Amino acid sequence: MMMGLVLTLSASAQYRRPYYYSPNHGHSNYRHSSPVEVYGGLRLGAAFSTVSSDDRYLNGGSMKTGLDVGAVVGVQLGYRSPVYFETGLSYIEKGGEGSYNGSKFTYNLDYLEMPLLMKYKIDIDGRFSVQPFAGGYVAVGVGGKIKDFGQRQAYSSFDKEGFSRFDGGVRLGCGVQYDFLYAELGYDIGLANISQDYFDTSRTGSLFATIGVNF
């Protein structure tokens, strides 16, 4: 599904060269011009996340490691511009670990996440570039379990005793690219309150590192 999204968006962003009038031929023709760059990419890596909460039972201050896999598409914002807009879709496993009344608990928060980023491409030698980025993300919870080891119980992370499915926040980071190979490191700062309780606040935070390809 994610590969199809990348290919569809890339194909829909084809560049059309403008017409100009040629005095030698007396009719309109196409001017040769470099196209605006459009790329697709695949990403695979890991997320290292926590959840900070006013509810001590849901406060997962210990870091939890999960999968981060997805696809992206980006478009240059103008001919010769070093600025690009990038979006896509990823599956990312967030969550946390902690203890309550002396008992350990863990929970997984599995999301489908869409980044909305501005990237600045700093070209080093034509093959290698550094690409800092900033923007936001929106996400919806699609699965996960809360495990209470004291009570030996497990239930859905997104039921009425757990978290809200919607999340969103700010994403900051930097990528590097050599030819078609790409790697990045970034951090998601959750701004949405994912607590089901109006009197408590719970927010996610996630450091991620991925590798992949751009094409």
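Which strand supplies the largest share of the lining of the largest cavity? That share, five residues, comes from β4. The model is predicted, so local features need pLDDT of at least 70, side-chain atom pairs count only at pLDDT 80 or more, and totals for chains, interfaces and linings use all residues. Residues are numbered from 1 along each chain as its sequence is written, and side-chain values use heavy atoms, with hydrogens and water left out.

**Cavity**

- A search of the whole structure finds one cavity of 30 Å³ or more; a cavity is a set of points on a 1 Å grid over the protein atoms alone where a 1.4 Å probe fits but cannot get out.
- The largest cavity holds about 140 Å³ of space, a volume being the space filled by probe spheres set on the points, which are joined across faces, edges and corners.
- Its lining has 16 residues, with Arg 43, Val 72, Ser 90, Arg 171 and Glu 184 nearest the centre; lining residues have an atom within 4 Å of a point.
- At least two lining residues come from each of β4 (60-76), β5 (83-100), β6 and β13 (202-214); strands are DSSP runs (E, at least two residues), numbered from the N terminus.
- By type, the lining has seven nonpolar, three polar and six charged residues. Ala, Val, Leu, Ile, Met, Phe, Trp, Tyr, Cys and Pro count as nonpolar, Asp, Glu, Lys and Arg as charged, and the others, Gly among them, as polar.

**Strand pairing**

- β3 and β4 pair in the antiparallel sense over 13 bridges, where pairing requires at least two DSSP bridges between two strands.
- A hairpin of six residues joins β3 to β4, and Gly 41 stands opposite Val 72 in β4.
- β3 also runs antiparallel to β13, joined by 13 bridges, with Arg 43 opposite Gly 212 in β13.

**Nonpolar core**

- The largest nonpolar core has 16 residues, and Tyr 107, Leu 109, Tyr 111, Ile 146 and Phe 163 touch the most other members. Such a core is a set of buried Ala, Val, Leu, Ile, Met, Phe, Trp, Tyr and Cys residues joined through side-chain atoms within 4.5 Å.
- Two or more residues of this core come from each of β3 (38-53), β6 (103-120) and β8 (128-143), and the largest share, four residues, is from β6.

**Ser 206**

- Ser 206 lies in strand β13 and is buried, with a relative accessible area of 0%; buried means under 20% with a 1.4 Å probe, protein chains only.
- The C-alpha atoms of Ser 206 and Lys 94 are 7.1 Å apart, although 112 residues separate them along the chain.

Conventions:
Buried means under 20% relative accessible area, exposed over 50%, partly exposed in between (1.4 Å probe, protein chains only). On a 1 Å grid over the protein atoms alone, a cavity is a set of points where a 1.4 Å probe fits but cannot get out, and a pocket is an open set with protein on both sides within 12 Å along at least five of seven lines; lining residues have an atom within 4 Å of a point.
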